[in-house]
Amino acid sequence: MLFTAKVMLFMLAGILAGILAGALPGLTATMSIALLVPFTYRINPPLAGMMVLLGVYVGAMHGGAISAILIRTPGTPAAAATCFDGFPLAQQGKASLALNVSSIASTVGGVFSTIILITVARPIAGFALSFGPFEMFCLTVFGLSIIAGVSEGSILKGLIMGAMGMLFAAVGRSAVFDVDRLTFGIQNLPESDLRYIPLMIGVFAITEALTQVENLKPSERSVDAFKNMFPTREQMKRLLAPLGIGSVLGTLIGSIPGAGGDIAGFVAYDQTKKASKHKEEFGKGSIEGVAASECANNAVTGGAMIPMMTLGIPGDSVTAILLGAMIIIGLQPGPTLFHNPDPKVQILVAGIFAGLMAANLLVLPVRLLGAPLFSRTVAIPAHFLWPLVVVFCVVGSFSMTGTMMSVFIMLAFGVFGYVMKKLGFPPGPLILGVILGPIAESNLHRALSISGGSLAPLLRSPIALILLGLAVMSVLIPWWQSRSGGGIKSVSAKK
């Protein structure tokens, strides 16, 4: 099913769109996928629609390095650490070398993390089947606490946004009690699953459009045209250690819900610098630094899908949107996904695994051959780009339900997200609250119904208590590190 002309063409289109979006500062993988979900969920076969989204995911993580190397502006937050050595290489006339090293490193990281996803997903899902409703509730709380704990800026603001996301998710028809809640008499609200997408488009795309329009300024142009340069055999030997460090750290960090590609890139860059024999080159144009950062942030793609596919807990904001897209096409990520007897479900799951691997392999020749062309995308004037983004937002939101209510929801949350951004509130926890809130509510209600309203089974469950302990630690440790000026928070602050 994967290797049919239609599915492969959709995948290639997604990869190209993702690279272009990633190369444009501000057009992140999250926003690009949120924009495309409304156009893909009706595509037949459903695997073709998923391949578009996975292609965009992989392509955008690759494309973020293009503007980071050429104009010292990361196209995506995950490419922030790539600026340290990529831009100095471009200033030395080695822009194509930096682009090609980033292409190879990104592919290695993506393939490695996909192999780990394929090999560990089913065992993890088998273990998770032993989870009861109390354990699933505590797992969801753990996921929410991690997302809030690694939020940029104030941890308190991250927790507030997560709680607000859960509140917004409660609006409309309750899945537990089958009654309308918090609608304030508003009619024709979309179904809960379809309401996620306009909300996410508003919070990410409209918010970013408003921010970019507010700060319009002439964009820097790339340096002179360059000849294509590839790393030599000696340089490839030097890249072995950064590729190993980036692959392992990126996959591990990606599998932790909330710890995204930006953190992975900085951590891998730092560890590679410590292990390198050429420390003096870092910050001045080291290909090892470029490789470590790009390998790690692309290894996050497979790593972030591990908790999403096996536990139903998104690894980052991108997989949160992919989770919603899978629910819309009839898949329910979680422990039961791999034990569903329906052959159509099993084919889709296998297709997603194989498709993620194929996308990571297909993007390499696209990047290597198209490097000169993709590098020119950073020159698109902002006053043309962002009005087009708003148009796509409106069209995409309307196409979800065929009513203007989705457009109004999208615009309202766009303004809301813009105000929250001005006040320093991160959008990631809001989206995860919207996604995980209903899961936490339904599992808690189911658990209390089984126990007759008693919390005693929760206190008797070692797994539940461990997860609650981890949830508390995931909030307290970043808070303590931020007060002491160490750990991941201080690394992220360098961005």
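Trainee: Why is Tyr269 called buried?

Mentor: Tyr269 has a relative accessible area of 9%, and buried means under 20%, exposed over 50% and partly exposed in between, with a 1.4 Å probe and protein chains only, so Tyr269 counts as buried. This is a predicted model, in which local features need pLDDT of at least 70 and side-chain atom pairs count only at pLDDT 80 or more, while totals for chains, interfaces and linings use all residues. Residues are numbered from 1 along each chain as its sequence is written, and side-chain values use heavy atoms, with hydrogens and water left out.

Trainee: What makes Phe84 partly exposed?

Mentor: The relative accessibility of Phe84 is 29%, so Phe84 counts as partly exposed.

Trainee: How many aromatic pairs does a search of the whole structure find, and why is the pair of Phe84 and Tyr269 called edge-to-face?

Mentor: The search finds five aromatic pairs. The ring centres of Phe84 and Tyr269 are 5.3 Å apart and their planes stand at 70°; rings of Phe, Tyr and Trp (its six-membered ring) pair if their centres lie within 6.5 Å, with planes under 30 degrees apart counting as stacked, over 60 as edge-to-face and the rest as tilted, so this pair is edge-to-face. Because Phe84 belongs to helix α4 (residues 83-91) and Tyr269 to helix α10 (residues 261-275), the pair ties together parts that are 185 residues apart in sequence. Helices here are DSSP runs (H or I, at least four residues), numbered from the N terminus. Phe84 and Tyr269 also form one aromatic cluster with Phe282.

Trainee: Why is the pair of Phe168 and Phe416 called edge-to-face?

Mentor: Here the centres are 5.5 Å apart and the planes of Phe168 and Phe416 are at 90°, so the pair is edge-to-face. Phe168 lies in helix α7 (residues 155-169) and Phe416 in helix α15 (residues 404-422), so parts that are 248 residues apart in sequence are tied together. Phe416 has 18% relative accessibility and therefore counts as buried.

Trainee: What does Phe413 touch, not counting residues up to four places away in sequence?

Mentor: Phe413, which is found in helix α15, touches Phe168, Leu199, Gly202, Val203 and Thr207, with that exclusion applied; contact means heavy atoms within 4.5 Å. Phe413 is buried because its relative accessible area is 14%. Phe413 and Pro198 are 8.3 Å apart in space, C-alpha to C-alpha, and 215 residues apart in sequence.

Trainee: How do you know that the charged end of Lys157 sits over the ring of Phe425?

Mentor: The charged end of Lys157 is 5.3 Å from the centre of the Phe425 ring, and a charge sits over a ring if NZ of Lys or CZ of Arg is within 6 Å of the ring centre and within 35 degrees of the ring normal.

Trainee: Why is Asn298 called buried?

Mentor: Its relative accessible area is 0%, so Asn298 is buried. Asn298 is found in helix α11 and touches Val58, Met61, His62, Ser106, Gly109, Gly110 and Ser113, not counting residues up to four places away in sequence.

Trainee: Which residues of α12 and α16 meet?

Mentor: Ser317, Ala320 and Leu323 in α12 meet Ile431, Leu432 and Ile435 in α16. By class, this contact of α12 with α16 has five nonpolar, one polar and no charged residues, where Ala, Val, Leu, Ile, Met, Phe, Trp, Tyr, Cys and Pro count as nonpolar, Asp, Glu, Lys and Arg as charged, and the others, Gly among them, as polar.

Methods:
Helix = DSSP H or I, 4+ residues; strand = E, 2+ residues; numbered from the N terminus.
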